[in-house]
Amino acid sequence: MPIEFVCKIKFAEEDEKQKSKQDGDKESLIEESCTPPAKDLAGFANSCSLHGINHIFVSGRLGIRQTLWALAFLTSLALFLYQAAKCAISYLEHPHVTALNEEATPEMVFPAVTICNINRFRFSALTDADIYHLANLTGLPPKNKDGHKPTDLMYPAPDMQDIFNRTGHQLEEMLMSCNFSGQNCSADDFSVVYTRYGKCYTFNGNKTTSRKTKQGGMGNGLEIMLDIQQDEYLPIWRETNETSLEAGIRVQIHSQDEPPYIHQLGFGVSPGFQTFVSCQEQRLTYLPQPWGNCRSTSKEKFPGYDTYSISACRLLCETNEVLRVCNCRMVHMPGTADICPPSKINCVDKALAQQQKNTGDTCPCETPCNLTRYGKELSMVKIPSKGSARYLSRKYDKSEDYIRDNFLVLDIFFEALNYETIEQKKAYDVAGLLGDIGGQMGLFIGASILTILEILDYIYEVIKRRLQRLLRPQKEEKKSKQQTSTVATVGLEEMKTKEPNDMTRSHPEGAYANTILPNHHLPHPHPHPHPVPHPHHHHTGHHGVFEDFAC
């Protein structure tokens, strides 16, 4: 008895695609047509602008020519990477250079000039109470030969600012003559400032009303004649930390933005001489981190002062240390704390000495990024001459010896109406780094930024195609379930008698194997064990993608 079984046969895939197009499956059509073909490595090498790789990645076997090109390319790539690494290391070191320039200007702001008499207290202005309180500072015995009486112990607590203001040298008495750029000036043009030397005076210290000079050279700046009043100097009975053996004045030339720090930055002027000070303004510009180590002006406001300066920083450090150790401040220190009485002078001296030893550790003062300083050249001549001594003696009602011992002339002026600019500049910035790397890249491998983009684009396409291949089998499995199949009836006896080579998998268009017949089921079984093949028919109703056959 013949046995029949049903099988599903899929073929004519091109016909299905044709039918899909005719049915208007636009979504599938767009998906297939918009997917670009993946480039192989040889095709990318031929189209890439990177030099040399089109000679390496070629179709076919790898030969000697490709090997030599690969060695040359790898050598050039190694040289490029070496040079690029050197450039990057040089940039990360943040080097800088210093540029020096000189610029002329029609007028210049005259600097601030601070003068202090080296003697802090006038002997004639000291009272018995002052001497009693200042014994630790001056070492003077009481004016009364009998010494201090028990009632002297009832003196009120000293007011140090009042003592410095009252007993210091008064500028009205010291200033004999004053001239600025051909115009007379007076003590009213000076402002009082307190320093380690006590009561001092600053000319042109207000930056809002600062004076300007329109001509350089001698006679076009500040010229003053001073009487240092040696007769008022304190006699030395014993040496103390504040004892001074000199006679004269201390002078500091500074900008209006910084307070005087005259005990360390000032220079001395001796009586009996006319001292000429030729100034040269220098404007310095430093770089902040990481190229330099300056304090940027964008940082928070410096406490106690309008602008930051090294002098202000040092004074603030000293103030904080004295406040911490002695709970008070000296008269020249900023702040509102109580002024230290003379009884605490030893505490103050120890605190300042300790602070000076540890300045770099406890209170580092950074250099401001913009700084103005004044270079100085000093020269002097002796005064008075023999001919002028008698004239000055009559004019100021002083003896000639007094004039020789006490009078001095100070002449401060600009050498010329120009200033020096000393500026730190970045020796290697980002533009230089990119330029050097780009030059090395073009020299060794003939590449550019666009070449890097080409390589990244190729890598993106490769990754994209790999992901599509991983996701495609799932889509094809879903589509295969939706496809229709053909039912065919196969006779087992026919399969036994036919040779394997008679069953072909592919056929020419419109032709099939002789054993495959149209599936017309007979009403009665065939009487013969080997039925005769029927003529070849097609179902007219299924003339499409799939057909039913009986094998």
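Predicted model: local features only at pLDDT ≥ 70, side-chain atom pairs only at ≥ 80, totals over all residues.

Q: Where in the chain are Cys116 and Cys200?
A: Cys116 is in strand β4 (residues 112–117) and Cys200 is in strand β8 (residues 198–203). The two are 84 residues apart, and the pair links distant parts of the chain.

Q: Is the link of Cys116 and Cys200 right-handed or left-handed?
A: The link is right-handed, with 120° about the S-S bond.

Q: Why does Cys200 count as buried?
A: Cys200 counts as buried because its relative accessible area is 0%, and buried means under 20%. Cys116 is also buried, at 1%.

Q: How many disulfides does the structure hold?
A: The structure holds 6 disulfides. One of them joins Cys178 and Cys185, whose sulfur atoms are 1.6 Å apart. That link is left-handed, with -85° about the S-S bond.

Q: What about Cys328, to which residue is it joined?
A: A disulfide joins Cys328 to Cys340, at 1.8 Å from S to S. Both cysteines lie in the loop between α10 (310–326) and α11 (345–357), so the pair ties together parts that are 12 residues apart in sequence.

Q: A change of topic: which residues make the nonpolar surface patch?
A: The patch covers about 1100 Å², and among its residues are Ile449, Leu450, Ile459 and Leu471.

Q: Which helix holds Leu471?
A: Leu471 lies in helix α16, which spans residues 449–482.

Terms used: Residues numbered from 1 in each chain as written. Heavy atoms only, no water. Patch = residues over 30% accessible without salt bridge, like charges linked within 9 Å, V, L, I, M, F, W, Y side chains within 5 Å. Areas by Shrake-Rupley, 256 points an atom, 1.4 Å probe, with all protein chains shown as cover. Salt bridge = Lys/Arg side-chain N within 4 Å of Asp/Glu carboxyl O. Helix = DSSP H or I, 4+ residues; strand = E, 2+ residues; numbered from the N terminus. Disulfide = S-S within 2.5 Å. Buried < 20%, exposed > 50% of the residue type's maximum accessible area, 1.4 Å probe, protein only.
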